[in-house]
Amino acid sequence: MKKTKILWTDDEIDLLRAHIIFLEEKGFDVVTANNGTDAIELVKNDFFDIIFLDENMPGLSGLQTLNEIKTIDPNLPVVMITKSEEEDIMEEAIGSKMADYLIKPVNPNQILHSIKKNVDQRRLVTQRTNSAYQSEFSKIGMQISDKLSFPEWVEVYKKLVFWELELANSEDSAMDEVLKMQKSEANNSFAKYIRNNYQNWFSNDKADRPLLSTDIFRKKIIPLVDAGNKVLVLVVDNLRYDQYRVLSTVLNNYYHVEEEDLYCSILPTATMYARNAMFAGLMPSEIERLYPEYWDDDDNEGHKNRFEHELLQKQLSRLGKNFKLFFEKITSVKAGKKMSDYLGSILQSDLSVMVFNFVDMISHARTEMDMIKELASDEAAYRSLTLSWFNHSSLLDLLKLLAENKVKVVLTTDHGTIRVDDALKVIGDRETNTNLRYKIGRNLNYKSKAIFDVRNPASIYLPSRNVSSTYIFATNTDFFAYPNNYNHFAQYYRNTFQHGGISLEEMIIPVVTLTPKG
């Protein structure tokens, strides 16, 4: 095993001989320098795992040396050692991105602790994370095998996402396949839960129904406006819970989480159904019956969401709310660049709603463009790409301005996505829709027992194109492909992110109330 290589720079290096011997006896390779100029030359010509640097040296000071070293290797951990405890020196050192800060006199154990903290940290974190997940594995497995309620499924999913994020920071991928297997097991059990319970949520008034798409405005948003708050509802299409978790690391700089909830998207988990249901406060068949002018039976998803603003106004009217409403849909990067211009409209309104489709655009681009597929090769990379977009987006600029102006934000979505893997053959007529995770048509022919089929769409408040229409939903990581050119499409869509079906990722999604800090 390669030795950890240390560079220790101090103008009184000879007085530190006992410390150096201690480290060498512990198996470290220690190189010394007695001034900043020599230290910089050593860094230019050799590799070091960590540097201990005296702050008060003749010639180049420790801080000057630190800045030079960071221009050579920004990721090299540098530990500053000084006699001074003055706050301005400490702040300047911290601002220079030093890894640690020790006050003289230091003892050997302090040095050893700093090495472990800055060099061995990832290895130690990996070991502890893997060990912790191993101990949790059987507990989660036992939960999955039980007959769970929806709140219990939410807790299982939260645990799986927690471990997915923890293991993503690990250097050892040994547990990745174990977690993937457990998520698959969970999704199979969750699909059984949906088969056994989903229709009962609509046929039985006493059913233990979770919060659904239709409830979001009535139960989560309107009470905030009624209480006198200015509220912005930010609907980010296709935003999964794990993606929200990584975005929350940025949001926490500006907002307190007042309430974090997970609700259940209706089926199909597709924009035209779930988002229309959210804005209307009605199930799709109710929208078609009450507002036929706002329900387009076209298979094109973009056409079916042309009337979200109107549907929201209808819901507010039915509930007797006369809020001053601002509504905007951001469907392109160009439109997104103007988002800060909307601040005035938001501040003048009681309730503002902005729909943002960028995550959905990433998902579709990943299917169609090899470069995006490479950038978002798996869930961890997909989350990273989402976070990178958010950190550099005008949306974040707008959220900062809203925080300064004390506007509450409700961040939510209409459905999530899942990375699909297994193609299932489905035969349907020419009127069958093209979605890969659900189909609606007559005489649909399929063999898989994993499919959830609904032969009476009215039982789950879905519209029928004709009297013999059937809805079928893919579960876990399955997706539908037609027999014609089956191998091509099975290969083309494998490992892409899709939505419309039944999975924890698609159906259990965030609705979060954020209160500005300060």
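Modeller: Helices (H or I, at least four residues) and strands (E, at least two) are DSSP runs, numbered from the N terminus. This is a predicted model, in which local features need pLDDT of at least 70 and side-chain atom pairs count only at pLDDT 80 or more, while totals for chains, interfaces and linings use all residues. Residues are numbered from 1 along each chain as its sequence is written, and side-chain values use heavy atoms, with hydrogens and water left out.

I begin with the prolines. Leu267 and Pro268 are joined by a cis peptide bond, with omega about -10°, and Pro268 belongs to the loop that runs between β7 (255-264) and α12 (271-280). A cis peptide bond also links Lys104 to Pro105, where omega is about -5°; Pro105 is in the loop between β5 (100-103) and α5 (108-118).

Next come the asparagines. Asn443, although it is not a glycine, has a positive phi of about 55°, and its place is the loop between β13 (438-441) and β14 (452-454). Asn476 is likewise not a glycine, yet its phi is positive at about 50°, and this residue sits in the loop between β15 (470-473) and β16 (478-481).

For their surroundings, buried means under 20% relative accessible area and exposed over 50%, with partly exposed in between (1.4 Å probe, protein chains only). Asn443 counts as exposed because its relative accessibility is 71%, whereas Asn476, with a relative accessible area of 7%, is buried.
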